[in-house]
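Hi there,

Here is the structure I promised to pass on. Have a look at it first, and then read my notes below.

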Amino acid sequence: MAENQVEMVIKVTDVYKKIGNSQILKEINFSIGKGEIVGLVGPNGAGKSTLMKILSGLWSPKPKGKCYILGCDMTNELERIEALRRSSFFIETPALYLKLSGYDNIELYAKLKYGSAFNVKDEVNRLAPFFELDNKMLKRKAKTYSLGTKQKVSLLQMFIGNPEVLILDEPFNGLDPTTTIKVKELLKTRWRENNITVLISSHILSDIEELCSRIIFIKNGSIILDSNKEELLKRNTVVIFHLTEKEHVDIACSLIKEKLPYVTVETQFNNSIKIYNLNSHYDVLDLLQNEGIVVKSIEEQKISLVDLYKQLYLQ
Ligand SMILES: Nc1ncnc2c1ncn2[C@@H]1O[C@H](COP(=O)(O)OP(=O)(O)OP(=O)(O)O)[C@@H](O)[C@H]1O
């Protein structure tokens with residue numbers, strides 16, 4: 001085990017991945033310290049799941065670069081086993097044995113991971129309420145479960161035995177709002193009590209905004225932004241221009257797109273336009289005034305994660 005890797009719970013260095021002729025991941029570098037909850041965000045096909053799979057050491061042949069979890073080199077079989085015992089990976093799930101009951105699936109997972117002496121029953125009783133699972137449901141065969149219930153059982157397994165690291169790829173897919181809220185509470189409790197480290201991908205940006213202290217944005221296989229969430233949202237604003245005439249909205253949008261190509265502009269429902277990345281209000285005011293478009297008022301708003309996503313990916 002490399003000693004200088006120990007302080008960083010997750011460390012990815014110069015990872016590249018090619019499948020066939022396509023470069024799926026390029027020059028991926030980041031480190032995650034103990035107790036960080038980091039969101040991985042990006043459109044379909046950006047490379048999030050591939051990155052998580054590579055982190056787990058699942059790929060064959062091995063990709064270029066290095067991944068360490070809890071100081072263990074994930075390309076070294078013995079070190080990888082040590083890291084996997086102390087971590088949980090939720091990737092491409094739900095993955096259950098359909099002929100077994102939910103409980104038997106969990107028991108099998110727990111005993112393979114922690115040994116036959118592991119007390120599965122108490123752990124399941126503790127965790128099941130967070131997943132809205134009762135004994136009756138857990139005794140049913142997994143093949144009779146809805147997609148959401150399979151997701152609940154698979155996700156519950158990830159919390160068995162208090163892992164130090166959680167790598168979760170789209171964990172809330174198919175979960176109902178009540179279970180999503182409860183699972184997020186479980187994550188927060190585990191973080192407060194055990195200072196767990198989490199890397200989580202989701203297309204539900206409100207979940208990422210709620211849970212994560214840092215966000216890594218990925219596009220076409222490359223990291224385009226890696227930043228502390230508070231700083232990111234604090235230093236960016238959007239400006240709303242309220243116009244007097246409804247008919248002016250589309251004209252104003254086209255004009256701004258043409259004359260100010262560095263901004264992103266979006267129409268709103270109430271005679272307004274929303275502008276991201278604006279240097280000065282006067283750039284827009286002068287432009288509109290020259291065309292006889294009257295601005296009723298200007299409003300500056302703090303940016304949300306959805307706004308930031310639009311700015312990064314819809315330009
Ligand atoms: N086994 C494979 N063979 C060929 N191409 C693959 C394979 N696995 C992934 N890819 C390609 O790699 C790219 C990244 O896929 P990946 O599943 O990592 O994206 P993602 O960001 O997780 O997307 P999503 O949000 O849709 O889950 C995609 O273009 C995908 O088609």
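The axes of α3 and α6 come within 10 Å of each other and cross at roughly 30 degrees. That angle makes α3 roughly parallel to α6, since angles under 35 degrees count as roughly parallel, over 145 as roughly antiparallel, 65 to 115 as roughly perpendicular and the rest as oblique. The axes here are lines fitted to C-alpha atoms, for helices over the stretch in contact, and the angles run from 0 to 180 degrees between N-to-C directions. Helices (H or I, at least four residues) and strands (E, at least two) are DSSP runs, numbered from the N terminus.

Before going further, please keep in mind that this is a predicted model: local features need pLDDT of at least 70, side-chain atom pairs count only at pLDDT 80 or more, and totals for chains, interfaces and linings use all residues. Residues are numbered from 1 along each chain as its sequence is written.

Back to the helix pair. α3 passes α6 in a right-handed crossing (left-handed if the near helix is turned anticlockwise from the far one by less than a right angle, right-handed if clockwise). On the α3 side the residues are Gly102, Asn105, Ile106 and Tyr109, and they meet Val153, Leu156 and Gln157 in α6; two residues are in contact if their C-beta atoms, placed from the backbone, lie within 7 Å. By class, this contact of α3 with α6 has four nonpolar, three polar and no charged residues. For the classes, Ala, Val, Leu, Ile, Met, Phe, Trp, Tyr, Cys and Pro count as nonpolar, Asp, Glu, Lys and Arg as charged, and the others, Gly among them, as polar.

Helix α3 (residues 102-114) also has a partner in helix α4 (residues 120-127): their axes come within 10 Å and cross at roughly 120 degrees. That makes α3 oblique to α4. The contact brings together Tyr103, Ile106, Glu107 and Ala110 of α3 with Val120, Glu123 and Val124 of α4. It has five nonpolar, no polar and two charged residues. The crossing of α3 past α4 is right-handed.

Further along, the axes of helix α10 (residues 248-259) and helix α11 (residues 281-290) come within 10 Å and cross at roughly 125 degrees. That makes α10 oblique to α11, and the crossing of the two is right-handed. Ala252, Leu255, Ile256 and Lys259 in α10 meet Val284, Leu287 and Leu288 in α11. Six residues of this contact are nonpolar, none is polar and one is charged.

Which residues are around the ligand? They are Ile19, Ile24, Gly42, Asn44, Gly45, Ala46, Gly47, Lys48, Ser49 and Thr50, where a residue is near a molecule or strand if its C-beta atom, placed from the backbone, lies within 6 Å of it. By class, this shell has three nonpolar, six polar and one charged residue. Helix α1 (residues 48-56) gives the most to the shell, with three residues.

Leucine 51 lies in helix α1 too. With 28 other C-beta atoms within 10 Å, leucine 51 is buried (buried means 20 or more other C-beta atoms within 10 Å of its own, exposed 12 or fewer, and partly exposed in between, with C-beta atoms placed from the backbone). Leaving aside neighbours within four places in sequence, leucine 51 is in contact with Leu25 and Ile28. Its C-alpha atom is separated by 9.6 Å from that of valine 12, 39 residues away along the chain.

A few loop residues are worth a look as well:

- Phenylalanine 172 is found in the loop between β7 (165-169) and α7 (177-194). It counts as buried, with 20 C-beta neighbours inside 10 Å. Beyond four places in sequence, phenylalanine 172 is in contact with Thr180, Ser202, Ile204 and Asp207.
- Leucine 70 lies in the loop between β4 (64-69) and β5 (72-73). Its phi is near 50 degrees, a positive value in a residue other than glycine. Leucine 70 counts as buried, with 22 C-beta neighbours inside 10 Å.
- Asparagine 162 lies in the loop between α6 (147-159) and β7. Its phi is near 50 degrees, again a positive value in a residue other than glycine. Asparagine 162 counts as exposed, with 12 C-beta neighbours inside 10 Å.

Best wishes
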